[in-house]
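Dear colleague,

I am handing over the structure we spoke about, and my notes on it follow below. Please read them with the coordinates open beside you.

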Protein chains: 2
Amino acid sequence: MHNILFDFISKYISLTEGEKSAILSLDLFRSVEKGTILLKEGQKSQDDYFVLKGCIRKYYIINGEEKTTAFFTEMEGLTPYCVKYNTPSEYFISCVEDTILTVANPDMGVEINTKFPKFEIMCRMLSEELLAKQRMDFDEFKTSSPEQRYLNLLQSRPELIQRVPQHQLASYLGIKPQSLSRLRARILEKKS
Amino acid sequence: MHNILFDFISKYISLTEGEKSAILSLDLFRSVEKGTILLKEGQKSQDDYFVLKGCIRKYYIINGEEKTTAFFTEMEGLTPYCVKYNTPSEYFISCVEDTILTVANPDMGVEINTKFPKFEIMCRMLSEELLAKQRMDFDEFKTSSPEQRYLNLLQSRPELIQRVPQHQLASYLGIKPQSLSRLRARILEKKS
DNA sequence: CGTATTTCTTAACTTAAGTGAACGAGTTGT
DNA sequence: ACAACTCGTTCACTTAAGTTAAGAAATACG
């Protein structure tokens, strides 16, 4: 389990054994059951998440309807907006599957960053990378039709379509479940 | 002009006079005419932009059609994807208005970050902030209809609607210019 | 100036997504 | 084993965006 985290970190910086044990001493690892809600709308939280195994989902409830805006799977992390700005959360986070993740809070971040300046560098690299990726994803979303977005997802994260219920996938694509069904039927028809 | 940049930086870290002159010695400032294309599709570039005054636009050309995905105005910065990954650019960047901006490259960043570690911290803070904002914007886009997105933009960046041609705004909202016209007419009708 | 070009709007028609309802398959709980 | 629920699909109908075309308004330019 720990190795998954250290393998990930090693993509950015190299760690000494001392640094590794400093991280382990923080006791970050959590195992969470499918369906567990990690964060609720209106709640204040200081927890950052990083998924080691499994899948978590971010969603809003708008006019009584769930609107899923993101899935985080292996090697993906999430700092909820409410953590950065210490405001009540606007959205929910729940586990799509049984999930193993790390839970950190900003205090730990500050502590680690002060002790080991290279973490500061890693955090910058990681944020910059995620920002670039996020902007790409946003651009792709804006410039595509729902059908194209579904086909893109089929290319880029085919496993997600298997792991996640259709109605959550639909709202992730910005459409209703019925439209996703229809759209898939349309694609099948075109192929034949 | 310099003060705009230093005021911005001072939101994150405080600078000594020595640090300020180190920045000024890099000769970052550029004045660019409306219509100038700063980056073309297919081109490799090492330039980061930060807008001090004016407005720049990022757009793709897909099937011969311009698809605008972002506008950057005062106090907003952009590191093109192709800079981070040293690949040919997938999009264009051009000036919507006469614009004053800073142009930096990663080497300067490395130089400054090594000399003044607090820049590293500022870069992390800035990236994290932009990432959080970007995710909020994406969520809002996904969870809204085109009409709602237009109304949101009217709230959040009213000046942009004045500064930018309608057809560019339309594609920024993910629709065709004709649909934007119609949608605006519809809103006016509702009000009365 | 006046002409050319770009930009915005309007209209008629097509296509696709939203809505409400119904149905069957699969799951949960008792 | 049965009832209750969730989930995905389908259908008929409504609404809004895409498409094509035309014309008005604003802008650029010789």
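Strands β4(A) and β5(A) run antiparallel and are joined by seven bridges, and within this pairing R57(A) stands opposite F71(A) of β5(A). The model is a predicted one, which should be kept in mind for everything below. The hairpin that β4(A) and β5(A) make has two residues between the strands, and in it N63(A) takes a positive phi near 50°.

Strand β4 of chain A, residues 56-62, also pairs with β7 of chain A, residues 92-95, through four bridges, and these two strands likewise run antiparallel. In that pairing I93(A) of β7(A) is the bridge partner of K58(A). Taken as a whole, the sheet to which these strands belong is open and has four strands, in the order β2-β7-β4-β5 of chain A, with antiparallel pairing. Its edges are held by β2 (37-39) and β5 (65-72) of chain A, each of which has a single partner strand, so that one side of each is left without a neighbour in the sheet. From one strand to the next, the twist averages 30°.

Chain A has another open sheet of four strands, ordered β1-β8-β3-β6, and its pairing is antiparallel. Here the edge strands are β1 (29-32) and β6 (76-78) of chain A, and because each has a single partner strand, one side of each lacks a neighbour in the sheet. Neighbouring strands of this sheet are turned against each other by 30° on average, direction ignored.

Within that sheet, β3 (residues 48-53) and β8 (residues 99-104) of chain A pair in the antiparallel sense over five bridges. V51(A) stands opposite L101(A) of β8(A), while K53(A) stands opposite I100(A), also in β8(A). Strand β3(A) pairs with β6(A) as well, again in the antiparallel sense, over three bridges, and there V51(A) stands opposite E76(A) of β6(A).

Turning to the contact between the protein chains, 23 residues of chain B are in contact with 23 residues of chain A. On the side of chain B that touches chain A, the elements giving two or more residues are β4 (56-62), β5 (65-72), α3 (81-85) and α5 of chain B. The most comes from α5(B), with 15 residues, and by class this side of chain B divides into 10 nonpolar, five polar and eight charged residues.

How do the two α5 helices cross, and at what angle? The axes of α5 of chain A and α5 of chain B, residues 117-142 in each, come within 8 Å and cross at roughly 30°, which makes α5(A) roughly parallel to α5(B). The crossing of α5(A) and α5(B) is left-handed. Among the residues of α5(A) that meet α5(B) are I121(A), C123(A), L130(A), L131(A) and F138(A), and those of α5(B) include I121(B), C123(B), L130(B), L131(B) and F138(B). The residues of this helix contact divide into 10 nonpolar, four polar and eight charged.

The remaining notes concern the DNA. Around DNA strand D there are 17 residues, of which P165(A), Q166(A), P146(B), I175(B) and S179(B) come nearest. The elements that give two or more residues to this surface are α8 (166-172) and α9 (177-191) of chain A together with α6 (146-156) and α9 (177-191) of chain B. The largest share of the surface near DNA strand D is that of α9(A), with six residues, and by class the surface has six nonpolar, seven polar and four charged residues.

DNA strand C is surrounded by 17 residues, and the closest are P146(A), I175(A), S179(A), P165(B) and Q166(B). At least two residues of the surface near DNA strand C are supplied by each of α6 (146-156) and α9 of chain A and α8 (166-172) and α9 of chain B. Here the largest share, five residues, comes from α9(B), and the surface near DNA strand C is made up of six nonpolar, seven polar and four charged residues.

With best wishes

Note on methods: Residues numbered from 1 in each chain as written. Chains lettered and ligands numbered in written order. Predicted model: local features only at pLDDT ≥ 70, side-chain atom pairs only at ≥ 80, totals over all residues. Pairing = 2+ DSSP bridges. Axes fitted to C-alpha atoms, helices over the stretch in contact; angles between N-to-C directions. Parallel < 35°, antiparallel > 145°, perpendicular 65-115°, else oblique. Left-handed = near helix turned anticlockwise from the far one by under 90°. Contact = placed C-beta atoms within 7 Å. Nonpolar A, V, L, I, M, F, W, Y, C, P; charged D, E, K, R; others polar. Near = placed C-beta within 6 Å.
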